[in-house]
Amino acid sequence: MIKNYFLLLSLLLVSGISNGQWLAADIFQTSQGCYGECNSFEVNYPTIKETTSYTVSSITYNPPFGATSGTATQLNLDDRWSDVIDLKGISAQDFNFCFYGQNYSKVLVSTNGVITFSIAGVTTGGLYTPNSFSTWVNSGAVPYAGPSANAPFKNSINGVFQDLNPAVSNAFATPNINYYTAGAFPNRVFVLNLANSAQYGCSSDAAVGAQTSQILLYEGSNIIEVHVQRRVPCTTWANGNGLIGIQNEAGSQGVTPSGRNGGTWSATNEAWRFTPAGNDVVPTITWLKSGNVIGSGAILNTCDTNQEIYTAQVSFANCSSTTVLSDTYTFTPIPEINAGQPNVLTLCSSAPQPYTFDLTQNTPVVLNGLDPQLHAISYHASLNDAQNGTGVITNPQNFVSTGQTIYVKIEDLITACYTVKSFDLAIVSGPSAPTGNPVQTFSNGETLANVEVTGDNIQWYSDAQGGTLLSSSTLLVNGTTYYASQTDLNGCESRNTTSNRFAVTVYDVLSNNEWNNNLFSVYPNPVKDMLNISYASEITSVEIFNMIGQRVALKSIGSTHGEMNISNLTAGTYIVKVTSEGLTKSIKIVKE
């Protein structure tokens, strides 16, 4: 979150101001739910108290504002009041300061170190006419409800109230009484500087010297501070009296620091804070999203699954004015884990149960491209176990079951969020073998694709169990038996059941009528290197095929006898196809 008040606050803190008097709201997230779950937010805000009473405390002397950098005043004569000063300064929005339960936006300041809210035309009976300080001697103290002529000014802030004389300028006195308003709403501060002024009656006494102090009025919190760089009494005039304190309009209430309620005290680099101590001002808190009200109170609960911007407005109604603090929070939800849907694991078997499954076949499926280093996968026998992380299947590669539903948990190791997917373990007995004529004839050059059997997704093998998977382009060999299986919609093949293949023996229809087997020989068989082929008629060519129908050797003979060097062939079973006078003959050989 980026908060505008941080800038002002940071600058003031650099200057050494405690942040106790500055107002700000701050949203923080108290709970974060996973995708689809709810989230909680809370707004922190300061405690603001009514100004029906005050406490005063000593603080570290560290004046945050320059003593001579404000707006110059006409206060360069003894015992003078300023014109009416608007607290807001150059700001457009009013600066409302609450003092003893009354709201004020304008003040008067005196050359004698006093701010008063008693302004003629604004507060009835106000003290707008300049008063003589000389009548206030020993009788002055806070609070004081007696005649105004003999007391500190009512409805006032005094710091330091003493008989200054800004008309004097000499080697030690360079008077500068100035004021200004700093900061931005709702954290502005009105600054009054009383810098380097001599005291009346001691204007040439270097030992008494110049007096410098600063008064600060903090908006919103209504805190008052007085910073005293130097105060030395002039005992030859007004008994050297000096006052730090505040007093209400009636003179019935007032607060001063110990030892500062009049008298001939001295101070160097001291500071005091006057803090409202009445009842807490209970704020009205409103939550908004996209300009619409979505809640109230300090806590907000939402179940949003999209990124949202929440705003909390904290409104304090105090002294007939309202201070509104606000903060925004950009909520980014934890995204849904993009896990894949696991596959049904089907086991094709007609053997007695139980059966063994490899559950981890679904691990890459559910990860679905997620980083396996950042996600934990576990398998469970129940949904409750998966959600609670209990009952983990410890050997998922060899899980024994008779068929059931399995729950797989995919957990994000960073957020601890998870999702659960389920899949079934299915046992299918598998289809029966294909059907057809177990004895079939063929013509020279025909392949397994020409053998007729009834079934789905037919596959051919060289043996009843195990054996070699044959291509449908495998040339048929006279008197050879081939074995067919079929595959059902579950992906189960009849070969996976107990020897459930259909046997077909094929015979060459021309081998008995036109090809003289007695005059034909292929030897040796098995053969290692040289294969001999002999026939009564001229042999045109000899071709050799592997058991998946690929031709691996071809040689033209042009004689009744020929040789082929097959030492380069790998060991195994091959089909030799011999062509003579337009007729062909195929025979199976074994290469060692």
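Me: Over which residues does pLDDT stay under 50?
Reply: One such stretch is residues 1–20, for which the model has 30 contacts beyond four places in sequence. Here pLDDT is the predictor's confidence in each residue, from 0 to 100, and contact means heavy atoms within 4.5 Å. Residues 122–139 also stay under 50, and the model has 52 contacts beyond four places in sequence for them.

Me: And what's the mean pLDDT of the protein chain?
Reply: The mean is 86, with 89% of the residues at 70 or more. This is a predicted model, where local features need pLDDT of at least 70, side-chain atom pairs count only at pLDDT 80 or more, and totals for chains, interfaces and linings use all residues. Residues are numbered from 1 along each chain as its sequence is written, and side-chain values use heavy atoms, with hydrogens and water left out.

Me: OK, aromatics. How many aromatic pairs does a search of the whole structure find?
Reply: There are 16. Rings of Phe, Tyr and Trp (its six-membered ring) pair if their centres lie within 6.5 Å; planes under 30 degrees apart count as stacked, over 60 as edge-to-face and the rest as tilted. Tyr179 and Phe190 make a tilted pair, 6.0 Å centre to centre with 35 degrees between the planes.

Me: Why does that pair tie together parts that are apart in sequence?
Reply: Because Tyr179 is in strand 12 (residues 176–182) and Phe190 in strand 13 (residues 189–199), the pair joins parts 11 residues apart in sequence. Helices (H or I, at least four residues) and strands (E, at least two) are DSSP runs, numbered from the N terminus.

Me: Is Phe190 buried or exposed?
Reply: Phe190 is buried, at 0% relative accessibility. Tyr179 is partly exposed, with a relative accessible area of 21%. The cut-offs are under 20% relative accessible area for buried and over 50% for exposed, with partly exposed in between (1.4 Å probe, protein chains only).

Me: What about Phe520 and Tyr535, why is that pair edge-to-face?
Reply: The planes of Phe520 and Tyr535 are at 75 degrees, with the ring centres 6.0 Å apart, so the pair counts as edge-to-face. Phe520 is in the loop between strand 36 (502–508) and strand 37 (521–523), while Tyr535 is in strand 38 (residues 530–545), 15 residues apart. Both Phe520 and Tyr535 are buried.

Me: Which residues do ring pairs link into a cluster?
Reply: Tyr54, Phe97, Phe99, Tyr100, Tyr104 and Phe117.

Me: Phe99 again, then. What is Phe99 in contact with, leaving aside neighbours within four places in sequence?
Reply: The contacts of Phe99 include Thr51, Tyr54, Tyr104, Phe117, Ile157, Ile224 and Ile246. In the largest nonpolar core, which has 31 residues, Phe99 and Leu217 touch the most other members. A nonpolar core is a set of buried Ala, Val, Leu, Ile, Met, Phe, Trp, Tyr and Cys residues joined through side-chain atoms within 4.5 Å. There's a second, separate core of 20 residues that includes Phe520, Ala553, Ile557 and Ile566.

Me: Changing topic: which ring does the charged end of Arg501 sit over?
Reply: The ring of Tyr461, 3.8 Å from its centre. Arg231 has its charged end over the ring of Trp265, 4.7 Å from the centre. For this, NZ of Lys or CZ of Arg has to be within 6 Å of the ring centre and within 35 degrees of the ring normal.

Me: Backbone now. Where is the peptide bond cis, with omega near -10 degrees?
Reply: From Tyr523 to Pro524. Asn525 and Pro526 are also joined by a cis bond, with omega about 10 degrees. Pro524 is in the loop between strand 37 and strand 38, and Pro526 is placed in the loop between strand 37 and strand 38 as well.

Me: What's phi of Asn196?
Reply: Near 55 degrees, a positive value in a residue other than glycine. Asn196 is in strand 13 and is partly exposed, at 24% relative accessible area. Asn368, another non-glycine residue with positive phi, is near 50 degrees.
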